Amino acid sequence: MSNTNLQFVPFDKELKGLVYMSDIDSTVDRYESVVAELGQQKHPYIMKMFDKEREENILVFDQDSEVKQKMYLYLAGNNKLLTDKRLGDTDCLALYRTLSNNVYISVLDLRYNNITDEGAMHIGKLIEENVTLSEVNLMCNDIEEKGAEHLAKALHTNGTLLTLRLNGNKMGNKGGMYFAQALQVNMSLQCLDLGDTDLKIESIIALATVLHQNKTLRSLNVNRPILFTHQEETVVHMANMLKVNNTLKELHLEKYDMRDFGAARLSECLIENHSLTYLNLSCNRITRDGTKELAKVLKASTAIKTLDLGFNRLEDDGAKHIADALTVNYSLETLVIVSNNIASEGLCALANSLRLNCTLLRIFIWGNKLEEPACVAFAEIIKSGRLMQSDTDVKPYVVDEETRLCEMSHQIRRHYYYAPSYGDDVPSWQPRGIHYKRTDTVTVRV
């Protein structure tokens, strides 16, 4: 079908007296009129992503495929293949006015830009007024306490947003308190990421207390708070919350300075929890004694499918406790024990447990003492097909008739901060880069 004379007519929906833009052309027209009203220049990155969406829609139309109903507006500032100019607060104002009545864009990805509290205020207004946004990603911007207040207050009235990511914004303790208040009111948000935001003990305890009653949140990231205590009060409050909360499925408690006491309190409550499927306890100070208590949770075959114990102090004894639990566990699917000072005795015990356990699919072990007995054990597990090469972070090879393991880039949450633009590992939300194949006489786009 030729698209020479093809024209897209903006399709607007009228609802309750408002006109809702529901396709890419009407969205672009609205953006162009907004920047003209504000006296701004059209941001080249925003226009580039709109043009890419138009091209994709034309291709879909030519192939007689189903027309897209929603758009993932990708505007991450760290993608050098797409832009060398990051978005700022004035761009957030333009996006707010453009998207407030828009039903075509369902995800707004603004990570790694130069957005401050002023820009967060505009995004907060957008969250209040937009009725179709399901995800907003503001990771690694410059949003502080005031911006967090605007975003949290927007959640008081919003009933459609499912995911809000604010990782890396230094909103501090008061910012965390604002979101604890919002979770008392909001009954739609399912994923909240407040990792690396400089939360303190008061806001962590407030969030844990609110989750005694909140029944909609499914995932919470509160990694790396700033704590000035060694009594592990935050861990105890999180443990007590897990004892009564039956809806939370994912919890990240990385860099909590958690010791064996905290791990024991957490384990006591986890045995009574039947909903949590993902637990991240990496970068703490858990040793063999704390691991022994966590192994009791695994023996009880609770709902936990992913357990991240990377960068702790398990050593051989802790690894053997985990291995013993795996022989009777029928729920765990992913285990991370990287950089735990585990030697051959512990790693061989884990490899042997995989022969009896049929549910564990992924295990990550790099950063331990990979001596030859451990290398041989995991090489045999991989060769037998019990462990797929793509489901672990090591690959066996032989040199001078000795079996060794090299590191692979496979890991959990590998696309959380950054994703590739080329190859077979590009996630669905990441725009794929254009690959140019060079020949002797001409460069061909493929």
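**Close-up 1. Asparagine 113 and the residues around it.** Leaving aside neighbours within four places in sequence, asparagine 113 is in contact with Leu75, Ala76, Gly77, Arg86, Leu87, Cys140 and Asn141. Keep in mind, here and in the views below, that this is a predicted model. Asparagine 113 sits in the loop between strand 4 (105-109) and helix 4 (117-129). Why does asparagine 113 count as buried? Because its relative accessibility is 3%, and buried means under 20%. Its side chain meets the backbone at two places: a polar atom of that side chain lies 2.9 Å from the backbone oxygen of leucine 75, and a polar atom of the side chain also lies 2.9 Å from the backbone nitrogen of leucine 87.

Close-up 2. Let's start with strand 3 and strand 4, which pair in the parallel sense over four bridges. Across this pair, tyrosine 72 stands opposite valine 107 in strand 4. Is strand 4 enclosed or open? Five of its five residues are buried, so strand 4 is largely enclosed by the rest of the structure. Now move along to strand 6 (residues 163-165), which runs parallel to strand 7 and is joined to it by three bridges. Leucine 164 has leucine 192 in strand 7 as its bridge partner.

Close-up 3. Aspartate 198 is in the loop between strand 7 (191-193) and helix 7 (201-210). The thing to look at is its backbone: phi is near 65°, a positive value in a residue other than glycine.

Close-up 4. The buried residues of helix 1 are Ile24, Asp25, Ser26, Thr27, Val28, Tyr31, Val34 and Val35.

**Close-up 5. Helix 11 and its opening glutamate.** Helix 11 (residues 315-326) includes glutamate 315, a residue other than glycine whose phi is positive, near 55°. Glutamate 315 is partly exposed, with a relative accessible area of 39%. The 12 residues of helix 11 should span 16 Å at 1.5 Å a residue; the end C-alpha atoms are 17 Å apart, which agrees. Buried in this helix are Asp316, Gly318, Ala319, Ile322, Ala323, Ala325 and Leu326. What do these buried residues pack against? Their partners are helix 10 (288-299), strand 12 and helix 12.

**Close-up 6. Helix 12 and glycine 346.** Helix 12 (residues 344-356) has 13 residues and reaches 19 Å from its first C-alpha to its last, close to the 18 Å expected at 1.5 Å a residue. Its buried residues are Ser344, Gly346, Leu347, Cys348, Ala349, Leu350, Ala351, Ser353 and Leu354. Covering them are elements that include helix 11, strand 12 (334-336), strand 13 and helix 13 (372-384). Take glycine 346, which is found in helix 12 and is buried, with a relative accessible area of 0%. Not counting residues up to four places away in sequence, glycine 346 touches Asp316, Ala319 and Lys320. For a sense of scale, the C-alpha atoms of glycine 346 and aspartate 117 are separated by 49 Å, and the two residues are 229 residues apart along the chain.

**Close-up 7. Leucine 335 in the largest nonpolar core.** The largest nonpolar core has 117 residues, and those with the most contacts inside it are Phe50, Leu73, Phe179 and Leu335. Which residues does leucine 335 touch, not counting those up to four places away in sequence? They are Leu307, Ile322, Leu326, Leu350, Leu360, Arg362, Ile363 and Phe364.

Notes. Residues numbered from 1 in each chain as written. Predicted model: local features only at pLDDT ≥ 70, side-chain atom pairs only at ≥ 80, totals over all residues. Heavy atoms only, no water. Helix = DSSP H or I, 4+ residues; strand = E, 2+ residues; numbered from the N terminus. Buried < 20%, exposed > 50% of the residue type's maximum accessible area, 1.4 Å probe, protein only. Polar contact = N/O pair within 3.5 Å; in protein donor to acceptor, adjacent residues only side chain to side chain. Contact = heavy atoms within 4.5 Å. Pairing = 2+ DSSP bridges. Core = buried A, V, L, I, M, F, W, Y, C linked by side-chain atoms within 4.5 Å. Expected span 1.5 Å × (residues − 1).
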